[in-house]
Amino acid sequence: MINLISDTVTKPSKGMLDAMYSAKVGDDVFKEDPTVIQLEERLADMFKQEAALFCPSGTMANQIAIKAHTKPLDEMLCDISSHVYQFEVGGYAFHSQIAVNPIHGQDGLLNAAHIKSNIKAEFDWLPRTSLVVLENSANRAGGNVYEAQDILEISEICKSLQLKLHLDGARIFNAMIATGMKADWIGSQFDSISVCLSKGLGCPIGSVLIGSKEFIKESRRIRKVMGGGMRQVGILAAAGLYALDHNIERLKVDHDHAKQLESCLVNHKMVSKVLPVKTNIVIFQLKENWKADDFVLNLKKAGINSSAFGNNSLRWVTHLDITKEMINQTCDVMDQMGNKLS
Ligand SMILES: Cc1ncc(COP(=O)(O)O)c(C=O)c1O
């Protein structure tokens with residue numbers, strides 16, 4: 001099966017498993033796991049922040065950040081398509097008792113004007129805008145990426161108005177490879193960053209939340225109350241360290257594969273629109289007479305797993321278990337499906 005459902009479907013490689021097998025471990029709730037400490041220090045250092053916290057998932061890392069940055073009755077700004085708004089079960093309300101103002105940004109991204117025009121005035125009857133969350137790359141927007149200038153302007157507004165700025169960087173390494181943006185610069189623009197090890201980087205599990213010492217101290221407590229205090233998880237942190245050493249630069253291959261998929265879709269008879277491919281995500285819309293579920297089924301019969309995105313769109317995600325041959329095969333299958341219509 002060619003599995004294009006997500007970049008979360010990867011299996012740990014032999015090298016990664018070897019690293020996990022030989023990891024030194026300890027009880028991380030007592031801060032005694034040397035491999036977890038090494039991973040946290042490595043990522044804090046990479047993004048030139050003071051500290052970091054290993055978390056089981058991207059959702060938990062984002063939700064901890066939201067809780068640490070806000071008080072009940074506050075409000076967070078984010079793009080309407082963002083993961084923190086759409087796919088974290090309304091955790092901002094459940095964990096943090098805050099409101100959300102989901103903004104219709106530009107192709108999944110926000111700019112300074114969006115932020116300025118959505119900050120609420122100080123009235124007793126309004127929630128207080130206190131947090132902005134950006135997502136880079138933007139999953140539902142087809143892996144779209146921020147320009148440095150937009151991040152800079154948003155960061156300046158947030159600093160001047162004492163708003164906290166969090167980055168959902170589940171796929172930040174994809175965005176960095178696509179744009180050349182550097183980790184230390186990104187770190188200097190945000191109050192906190194969550195990065196996922198279990199997406200393009202190929203780990204079985206794990207996200208890391210990065211920020212100031214004070215923020216991470218508070219985040220550690222919140223992780224505990226969410227049930228995310230972990231014990232001998234050096235075996236998982238070892239996978240993360242291996243991924244940082246071996247799986248960042250190669251993301252370029254996934255991006256090239258996604259570009260190849262884009263080019264076999266753009267003029268396809270069954271496809272009406274492909275979102276411009278910037279990283280490893282390909283979202284395409286089918287012509288009116290095609291339903292996404294039927295299309296997914298047809299592809300499955302031909303050995304390709306993909307996910308329906310709404311009624312008539314599909315998402316393909318490339319990753320390190322997808323080879324050039326699989327991409328060629330996917331394009332061949334699409335050609336054959338198109339030819340049958342002629
Ligand atoms: C942009 C983004 N943020 C956060 C997450 C959450 O990650 P997890 O599945 O590890 O909770 C995802 C998952 O797909 C995502 O795409």
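Predicted model: local features only at pLDDT ≥ 70, side-chain atom pairs only at ≥ 80, totals over all residues.

Me: Why is Asn339 called exposed?

Reply: Exposed means over 50% relative accessible area. Asn339 has 51% relative accessibility, so Asn339 counts as exposed. You will find Asn339 in helix H14, residues 324-341.

Me: What makes E9 and E12 edge strands?

Reply: Start with the order in the open sheet of four strands: E9-E10-E13-E12, with antiparallel pairing. Strand E9 (271-274) and strand E12 (307-308) each have a single partner strand, so one side of each has no neighbour in the sheet.

Me: How do you know that E12 and E13 are paired?

Reply: Pairing needs at least two bridges between two strands. E12 and E13 are joined by two bridges, so they meet that cut-off, and they run antiparallel. Along this pair, Ser307 sits opposite Arg315, and Ala308 sits opposite Leu314. The two strands also form a hairpin with four residues between them, and Gly310 in the turn has a positive phi of about 80°.

Me: And what makes E10 and E13 a pair?

Reply: The cut-off is at least two bridges. E10 and E13 have five bridges, so they count as paired, in the antiparallel sense. Val282 stands opposite Trp316 in E13.

Me: Why is E13 described as mostly covered?

Reply: A residue is buried when its relative accessible area is under 20%. In E13, five of its five residues are buried. Ser313, Arg315 and Val317 point one way, while Leu314 and Trp316 point the other way.

Technical notes. Residues numbered from 1 in each chain as written. Heavy atoms only, no water. Buried < 20%, exposed > 50% of the residue type's maximum accessible area, 1.4 Å probe, protein only.
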